[in-house]
Amino acid sequence: MNSGVGELLLEVGCEEIPARFLEELSRELSTKLGEFLRENRIAVGEAGLRAFYTPRRLVNVVPQVAKRQADLEEKVIGPPKGVAFDPHGKPTRAAMSFADKNGVKVDDLTIISTSKGDYVAAEKTQKGSSTEKVLQGGLAQVILSVQLPKAMYWTTPDGPHFLRPIRWVCCVFDGKPVRFQVGEVKASNNTYGHRILQPRRIAVRSFAEYRDDLLKARVLLDPEKRLERIQTEIELLVSKVEAKLLEDRVLLSTHVNLSEYPTPFMGEFDPGFLKLPAEILEAVMRDHQKYFCVLKKEGGEGDLLPRFVAVIDNEADPHGYIRRSHERVLRARFADAEFFWESDLKVKLEDRFTLLEKVVFQEKLGSYAEKSSRIGNLAGWIVDRIFPGASAVASAVNRELATRAARLCKCDLTSQMVKEFPELQGIVGGLYAKEQGEPLEVSRGIYEQYQPENLESPVPAGMIGAVISIADRIDSITGSFALGHRPTGSRDPFGLRRLAYGTIKVILEKLISIDLRELCLHALELHKERIDFPKKETLESVMEFFRDHAAYVLLQPHLFGGPSGILRDELTAVMSTDHWDLCGLSARVHALHETRKRENFDSLAVSFKRIKNIIRKSGVEFEGGGPEIDPSLFEHDEERELSVGIRDLRQRLIDLQVRKDYTGILESIASLRPTVDRFFDKVLVNAEDPRVRRNRFNLLLSLYREFIQIADFSELQPATSAIP
Amino acid sequence: MKKLTFQEIIFELERFWSQQDCVIQQPYDVEVGAGTMHPETFFRVLGPTPYRVAYVQPSRRPADGRYGVNPNRLEKHTQFQVILKPPPVDVQDVYLKSLEKLGIKLRDHDIKFEEDNWEAPTLGAWGMGWQVMLDGLEITQFTYFQQSGGLDLNPASVELTYGLERIAAFLMNVDSVFEIEWGAGKTYAEVRQRAEREFSIYNFELADIPTLYSIFESYEREARRLLGGPKNSASGDETHYIPVLQVYDFCLKCSHLFNVLDARGAVSVTERVSLMARVRDLTCQVARLYSKEITA
């Protein structure tokens with residue numbers, strides 16, 4: 001090992017850091033430390049920097065750190081050569097004073113050529129100081145400069161801020177303690193063992209010793225090791241009783257971040273509680289007690305055994321005190337849940353509707369009773385439009401049942417169970433509806449209304465749940481925009497982005513072909529009955545908001561099971577058309593992606609661009625209605641040919657549109673290419689006679705209007721079409 | 001290990017904390033929802049003067065009453081409250097020692113400090129800290145106060161709030177708080193169960209909503225009158241003295257009445273926000289006046 005390097009160990013000892021922030025905090029600290037070393041020209045060996053953490057310590061170890069800063073070589077430019085030296089090459093006063101100012105000899109001055117001519121330069125070397133000194137001077141600031149999600153102070157408001165109080169700092173470089181101070185804490189080479197099991201002080205000389213000593217003092221420094229220990233031990237526990245664990249990665253990482261020496265154990269509860277729905281038992285165990293649920297080995301989801309696995313911050317539980325206490329706490333929690341279940345069931349969901357009038361959804365948007373009515377209205381609107389008349393899927397959703405589910409969907413907010421377990425809203429309502437004899441579709445619709453939780457999680461399995469999920473979200477999004485609450489930058493206090501993503505995912509995955517713009521307009525009209533806002537502008541900003549989010553989802557087809565491979569410019573081209581049937585959009589962009597590879601496509605796109613430019617440059621405003629074309633003004637066959645071509649195309653498109661055959665549409669458009677090419681070859685649009693000019697212009701405009709319904713082809717980047 | 005009775009737990013905690021240089025105070029004689037509302041916490045955390053205090057505080061949560069039937073829920077539970085200003089650097093260890101004094105051998109148990117940030121909206125107070133979990137049971141709220149009465153605290157204080165019924169049930173290994181041995185051969189049920197039933201009946205069934213609203217408003221009016229201008233001064237001279245402690249008592253009265261109305265189901269969500277804002281406005285004014293006076 002090079003004697004010019006030493007090992008750096010930095011441990012920040014804290015009071016328990018919240019589990020959910022620990023990983024991020026550790027990452028932040030090591031980033032800051034790395035930056036600090038780099039900025040101070042302290043070389044770090046190949047081994048780099050390693051970070052570890054426990055709830056009570058953030059640890060960084062850098063095995064090879066140069067003992068000295070690199071020298072700083074600096075070139076200072078002085079006066080022009082002609083000023084610094086006389087014609088005989090002798091230094092002038094200017095050269096001498098420049099050399100003097102920079103602490104170099106006149107003889108050592110060099111000449112450098114710049115674009116402005118030759119200049120005198122001084123090469124200075126600033127000697128690097130010892131790394132130890134740099135660390136002493138800067139580490140406190142490194143620690144306190146970490147960006148924290150929720151900082152606090154523990155001495156005075158102008159004292160140090162951190163996620164939780166810093167109680168010790170252990171810092172060793174090259175075997176020796178580094179002295180500095182963070183707030184009132186003096187850094188030393190001391191660390192401490194497990195708070196309860198081995199609370200002794202430990203002197204530290206090297207990382208290897210430090211890690212071993214901590215292990216003896218019952219601290220598993222490496223989160224990977226803690227994870228491994230928890231997983232191995234749980235495996236052992238469940239295999240002994242012929243069971244399996246309900247997988248829960250979030251809970252697992254919570255426990256990794258909650259203990260310095262995690263040890264799982266298995267507890268039991270009265271099987272009598274299994275008569276309660278599994279969803280409720282799981283919520284009590286997982287959310288309130290941080291327990292893992294245990295399932296029958298061959299069982300499916302919800303096949304609970306009357307057991308649980310808890311993780312303690314201790315080596316073992318030799319007397320069983322810990323297990324008995326956990327079991328008692330769980331028993332009390334289950335007894336509460338059982339009481340809520342039984343007493344809630346005595347009141348029909350329907351009878352809770354009037355209670356919803358007292359539950360405020362949003363001060364200006366009214367109560368949950370009002371929200372439920374709006375959801376019902378929107379759900380009906382959706383059902384009427386996605387399943388018009390007697391289409392094949394009409395039987396999939398019943399309007400009456402959908403509005404029934406909408407009416408009841410928020411009633412569980414008045415139940416004691418939801419007050420106690422807010423994360424179970426919807427689910428509890430669904431369970432109560434089923435228990436109280438509502439039709440299965442209704443109870444399932446209520447149960448699934450909050451799905452999907454995020455872009456990765458499943459959407460409602462049933463159509464009623466899907467429809468209510470959309471209606472509810474659209475009501476919240478349009479309502480917030482109507483009140484002027486819209487997300488800006490990273491700020492999204494009402495979680496509207498999540499709601500938008502959910503809406504889009506449900507629409508695409510359940511293939512609910514509706515005009516989203518019309519739906520939002522309808523939702524805004526419902527809000528208009530209560531509050532005042534500029535409808536047109538609000539609708540535009542809602543749609544702009546949806547456009548961004550839809551683009552994000554559409555570009556990641558795995559999120560909704562769509563076909564893969566579409567390109568950004570294809571999506572932009574299709575989305576420029578202002579069509580708001582997202583399923584149609586998805587189908588069209590896919591068709592465009594496929595058709596684009598064919599031979600006629602590229603030059604058609606070029607022609608489209610040309611047409612668009614001509615129209616834009618003309619500056620002529622057009623009102624609605626088709627542009628009038630007068631065949632008597634045609635001077636060339638190519639004009640006539642194009643006119644006929646457009647007419648035929650329009651005929652074909654009508655049928656293809658009905659069948660939503662987007663590939664067929666694009667192929668039909670592409671087949672027009674030779675006609676369009678010939679037109680541009682032979683015909684000058686900018687004719688002398690204004691009537692002829694206008695007529696040709698109208699011809700192009702009508703073609704443009706056919707194209708633009710499908711995609712704005714000018715958005716396509718020619719180069720990408722070469723990609724196979 | 002000897003098993004402590006409920007009252008012995010209190011004695012042990014009082015003895016322990018008096019050894020840590022705490023003033024041992026008495027419970028406040030106005031209904032409060034939590035030990036934090038006792039003036040010995042609300043006022044003492046303001047300003048620069050170091051202070052340590054500990055006391056028992058019976059705390060009323062009308063909505064949590066269960067007629068004395070539910071084994072774990074009480075209309076009035078007993079908190080043991082400690083304020084350490086400024087917090088000693090080994091505050092967590094000192095706290096853990098207090099548990100050992102109750103006969104809890106820490107090595108045999110699972111102790112965790114789990115994130116729990118605390119807020120008392122009507123006091124304009126909040127802090128960051130943990131719920132202390134003992135074998136899966138939340139036994140203490142451990143908070144670094146950051147603000148009270150809407151004011152930044154300088155220095156910070158640590159507030160420890162022990163839930164005595166839970167700790168007692170844990171130590172005695174009983175499933176119901178009513179089985180706790182209070183002392184002198186009496187159980188918790190014998191001492192407290194009747195009150196649980198009666199207050200539940202009143203809070204949930206009999207409380208007259210218009211009357212309570214009107215009392216709330218009377219107390220609020222009186223508080224605002226005291227906070228008003230010099231014309232209210234009894235002596236009529238220009239220097240007007242505002243008895244902030246008295247104003248604060250009226251805030252506590254309002255706060256408790258609000259809780260009863262809430263338990264009665266008489267408060268809508270919007271009203272809740274506005275009533276709490278009215279009380280907070282008063283407590284924040286009180287805190288500002290007090291703070292100005294003690295730093296003047």
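# A tour of chains A and B

Start with two strands: β9 (residues 166-173) of chain A and β10 of chain A pair in the antiparallel sense over two bridges. Strands count as paired if DSSP finds at least two bridges between them. Strands (E, at least two residues) and helices (H or I, at least four residues) are DSSP runs, numbered from the N terminus.

This is a predicted model, in which local features need pLDDT of at least 70, side-chain atom pairs count only at pLDDT 80 or more, and totals for chains, interfaces and linings use all residues. Residues are numbered from 1 along each chain as its sequence is written, while chains are lettered from A and ligands numbered from 1 in the order in which they are written.

**Stop 1**

Select V172(A). Opposite it, in β10(A), stands P177(A). Now pick D174(A), in the loop between β9 and β10 of chain A. Its phi is near 55 degrees, a positive value in a residue other than glycine.

Widen the view. These strands belong to an open sheet of five, ordered β2-β3-β1-β9-β10 (chain A), with antiparallel pairing. Which strands stand at the edges? They are β2 (50-54) and β10 (176-177) of chain A; each has a single partner strand, so one side of each is left without a neighbour in the sheet.

Contact here means that the C-beta atoms of two residues, placed from the backbone, lie within 7 Å.

**Stop 2: the four-stranded sheet**

Move along chain A to an open sheet of four strands, in the order β15-β17-β18-β16, again with antiparallel pairing. At its edges are β15 (243-245) and β16 (262-268) of chain A; each has a single partner strand, so one side of each lacks a neighbour in the sheet. From one strand to the next, the twist averages 35 degrees.

Zoom in on β17 (residues 292-296) and β18 (residues 304-313) of chain A. They run antiparallel and are joined by three bridges. Select F292(A): V309(A) in β18(A) stands opposite. Then show helix α6 (residues 223-240) of chain A, which packs on this sheet and touches β15, β16, β17 and β18 of chain A. Its direction makes about 25 degrees with that of β16(A).

**Stop 3**

Select α17 (residues 496-509) and α21 (residues 582-595) of chain A. Their axes come within 8 Å and cross at roughly 65 degrees. That makes α17(A) roughly perpendicular to α21(A), a label for angles of 65 to 115 degrees; those under 35 count as roughly parallel, those over 145 as roughly antiparallel and the rest as oblique. Which residues make the contact? From α17(A) come I504(A), I507(A) and L508(A); from α21(A) come L582(A), C583(A) and S586(A).

Next, select α8 (residues 278-288) and α9 (residues 321-345) of chain A. They pack at about 140 degrees, with axes 10 Å apart. That makes α8(A) oblique to α9(A). Highlight I280(A), V284(A) and H288(A) of α8(A), then R333(A), F334(A), A337(A) and W341(A) of α9(A); these make the contact.

**Stop 4: chain B**

Show chain B, with its eight helices and 10 strands. Along its principal axes, the C-alpha trace spans about 65 × 45 × 35 Å.

Find two cis peptide bonds. One joins K85(B) and P86(B), with omega about -5 degrees. P86(B) is in the loop between β3 (76-85) and α3 (91-101) of chain B. Another runs from N154(B) to P155(B), with omega near 5 degrees. P155(B) is in strand β8 of chain B.

**Stop 5: where the chains meet**

Show both chains. Here 32 residues of chain B are in contact with 31 residues of chain A. On the chain B side, β4 (111-115), β6 (125-134), β7 (137-148), β8 (151-163) and α8 (269-295) each supply at least two residues. β4(B) gives the most, with five.

Zoom out to end on chain A. Count its 26 helices and 20 strands. Its C-alpha atoms fill a box of roughly 105 × 95 × 50 Å, taken along the principal axes.

Note on methods:
Axes fitted to C-alpha atoms, helices over the stretch in contact; angles between N-to-C directions.
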